There are 2 protein chains.
Amino acid sequence: MAAAVFDKLALIGAGLIGSSIARAAAETGAAAEISVWDRDPVVREAADELGLGQVTPDLQGAVTGADCVILCVPVGAIGAVTQAVADDLAPGAILTDVGSVKTVAASAMAEHAPGAIHVIPGHPIAGTEASGPAAGFASLFKGAWHILTPLASETEKPGHRDAVKTLTAFWERLGARVETMAAERHDRVLAITSHLPHLIAFNIVSTAYDMERIDEQEVVKYSAGGFRDFTRIAASDPTMWRDVFLTNKAAVLETLGRFSEDLAALQRAIRWDDGDMLYEAFSRARGIRQAIIDAGMDRSEVNFGRDQRPDADLNSPIDPNRDA
Amino acid sequence: MAAAVFDKLALIGAGLIGSSIARAAAETGAAAEISVWDRDPVVREAADELGLGQVTPDLQGAVTGADCVILCVPVGAIGAVTQAVADDLAPGAILTDVGSVKTVAASAMAEHAPGAIHVIPGHPIAGTEASGPAAGFASLFKGAWHILTPLASETEKPGHRDAVKTLTAFWERLGARVETMAAERHDRVLAITSHLPHLIAFNIVSTAYDMERIDEQEVVKYSAGGFRDFTRIAASDPTMWRDVFLTNKAAVLETLGRFSEDLAALQRAIRWDDGDMLYEAFSRARGIRQAIIDAGMDRSEVNFGRDQRPDADLNSPIDPNRDA
């Protein structure tokens, strides 16, 4: 196995992403030693049982002596956590994160981290709708993009360029492909490729829930018509997503404004029987789908490769009293 | 093999659905003989090569002597096709369809079909984003719901109740679970479970396409953040979907109005930093996802069971000149 990239890696937060990093770093030998902290005792116990690393309730102890600290907490918690560990970070250590909004994450870390620390904000474009330490897996980052948004204010620090190279090597060891871009650009791009899709998905599920003339069971029963595709990402962690929308407000509102305008145009075409406009709008979507498949960012199998009712007994009726 | 349900089944239209019925009926022995017509000579040739049945360019000949005719054409074409075959339908034959909007499909068939025919509108809640005769497969309907919307005006015809039972037996032989409901109810339920999700998916892809400050390649590259889930259903047949929106106008506009109101409320919560409202809205979506999985209408595997870049070479860069 190649030499470890980091002697001691500290993972702050042991949810889906933190626990996946722990597994991947152990499997690939990217870190010689891994310390894990989480604010939730239940999560810590699970992380310990899963053997994710040296799990500790002592936040400061977790980061002490670490040459890399990765904050795997919701974006809204990054500032407070950085402040809490600031005095214990080793000089020259890398402080990075996995938050979905990079402008806010960057300033939250830069504001509280001491000058001798290399702050390098990051974001893995990987994840699933599941949450918690048991949901993580070592291959989560394989083939996924990892975006670093280095700070202009950090580049004058001695060794900063090497620190970015080292962090890049770490993510590449985990199987990711690393890109760098400005934090503002990241937040605009992700507003359309991730944040708006999640908002729309959350919203359509809410709308369905509230249709009083259609009972919820019918929505579930006939969800194969398209609705079920949306429910997957709508099952994502609500705390994480609340923070995303509150911290990437400007880009999300801008993107949402465009989406609503475009939707109003389709609505008008439906109302006025403009079939040509609808046909044209629907046709060009196929090209983007093909490009996503060609780029290896999704499976080419139709229907995501799933068949009908793969998990359930065909003859068992839906329980109308099931807990939703 | 059990006795055939129909002696001669006529499939009018050999796209994804028509060709899947042909395969499933042959595989299960649900029809002793299958005739296939399509208006497109290229589709007919493909259907012939695929061995889907007795393929003919003669629409009237295809239906002659058939005890069941299934119209597998876009909703907007159902009236014209019914009119074209009306004189050649065998007395007592079943005329059904697979259209996504049942009120319009029902009246289009009922208007043109002779009195001696049993008109029984139907809709399989099954499909993929692929189109054409090669895209079909025999198991498409296995475990899927099939909705019949029998007409009150037909119930007085002698033998109509038996005709509905026979058609039910046919779809069950193909593996489907059959439900009956009023056409109006079907159209309202499908507006939220299928039509609105498709409209939203088409729209977000258009919005992404038009973001001039973000190039299309970035949208493709970072689509794993959520966007790619939407592109699957946005790749569906544009002609079929144009007809759906033009014919289910009232229910779609009503549902879309609710969706837009709900989205405006989320937008307002983002603008005014109402984290509690966002958290609450996002939380309840998880319950619906779980109910869909419990009902066997989707896979329980996270991320639809897919991994990253399953199809592509990790080391090959995305071709910036690829044809999108």
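In the predicted model, B:D273 sits in the loop that joins helix 11 to helix 12 of chain B. The phi angle of B:D273 is near 55 degrees, a positive value in a residue other than glycine. With a relative accessible area of 47%, B:D273 is partly exposed. In chain A, A:D273 is placed in the loop between helix 11 and helix 12 (275-294). A:D273 has a positive phi of about 55 degrees, although A:D273 is not a glycine. A:D273 counts as partly exposed, at 46% relative accessibility.

Two packed helices are described by the angle between their axes and the distance between the axes. The axes of helix 7 (residues 183-210) and helix 11 (residues 249-271) of chain B come within 9 Å of one another and cross at roughly 65 degrees. The crossing of helix 7 of chain B past helix 11 of chain B is right-handed. On the side of helix 7 of chain B, the contact is formed by B:D187, B:R188, B:A191, B:I192, B:H195, B:L196, B:L199 and B:I200, and on the side of helix 11 of chain B by B:A251, B:V252, B:T255, B:L256 and B:F259. Sorted by class, the residues of this contact between helix 7 and helix 11 of chain B are nine nonpolar, two polar and two charged.

Salt bridges were counted next. Side chains of opposite charge can pair when their charged atoms come close. Over all chains the count comes to 22 salt bridges. One of them joins the side chains of A:D97 and A:K102, with an N to O distance of 2.9 Å. Both A:D97 and A:K102 are buried.

Another salt bridge links B:E254 and B:R258, whose closest N and O atoms are 2.7 Å apart. B:E254 and B:R258 are separated by about one helical turn, because they lie four residues apart in helix 11 of chain B. An α-helix has 3.6 residues a turn, so residues three or four places apart point the same way. B:E254 is partly exposed, with a relative accessible area of 35%, and B:R258 is also partly exposed, at 21%. Salt bridges with shared partners also connect A:E129, A:R232 and B:D229 into one network.

In chain A, the side chains of A:E254 and A:R258 form a salt bridge at 2.7 Å, N to O. A:E254 and A:R258 both belong to helix 11 (residues 249-271) of chain A and are four residues apart, about one turn of the helix. The relative accessible area is 35% for A:E254, which is partly exposed, and 21% for A:R258, which is partly exposed as well.

Contacts between the chains include those of A:E218, a residue of helix 8 (residues 216-221) of chain A. A:E218 is buried, with a relative accessible area of 11%. The side chain of A:E218 makes a polar contact of 2.5 Å with the side chain of B:R185. Neighbours within four places in sequence left aside, A:E218 is in contact with B:M181, B:R185, B:V189 and B:T193.

Helix 10 (residues 238-247) of chain A has as its buried residues A:P238, A:W241, A:D243, A:V244 and A:F245. The cover over these buried residues of helix 10 of chain A includes helix 7 (183-209) and helix 11 of chain A, together with helix 11 and helix 12 (275-294) of chain B.

Methods: Residues are numbered from 1 along each chain as its sequence is written. Chains are lettered from A and ligands numbered from 1 in the order in which they are written. This is a predicted model: local features need pLDDT of at least 70, side-chain atom pairs count only at pLDDT 80 or more; totals for chains, interfaces and linings use all residues. Side-chain values use heavy atoms; hydrogens and water are left out. Axes are lines fitted to C-alpha atoms, for helices over the stretch in contact, and angles run from 0 to 180 degrees between N-to-C directions. Helices (H or I, at least four residues) and strands (E, at least two) are DSSP runs, numbered from the N terminus. A crossing is left-handed if the near helix is turned anticlockwise from the far one by less than a right angle, and right-handed if clockwise. Contact means heavy atoms within 4.5 Å. Ala, Val, Leu, Ile, Met, Phe, Trp, Tyr, Cys and Pro count as nonpolar, Asp, Glu, Lys and Arg as charged, and the others, Gly among them, as polar. A salt bridge is a side-chain nitrogen of Lys or Arg within 4 Å of a carboxyl oxygen of Asp or Glu. Buried means under 20% relative accessible area, exposed over 50%, partly exposed in between (1.4 Å probe, protein chains only). A polar contact is a pair of N or O atoms within 3.5 Å; within protein, one must be able to donate a hydrogen and the other to accept it, and residues adjacent in sequence count only if both atoms are side-chain atoms.
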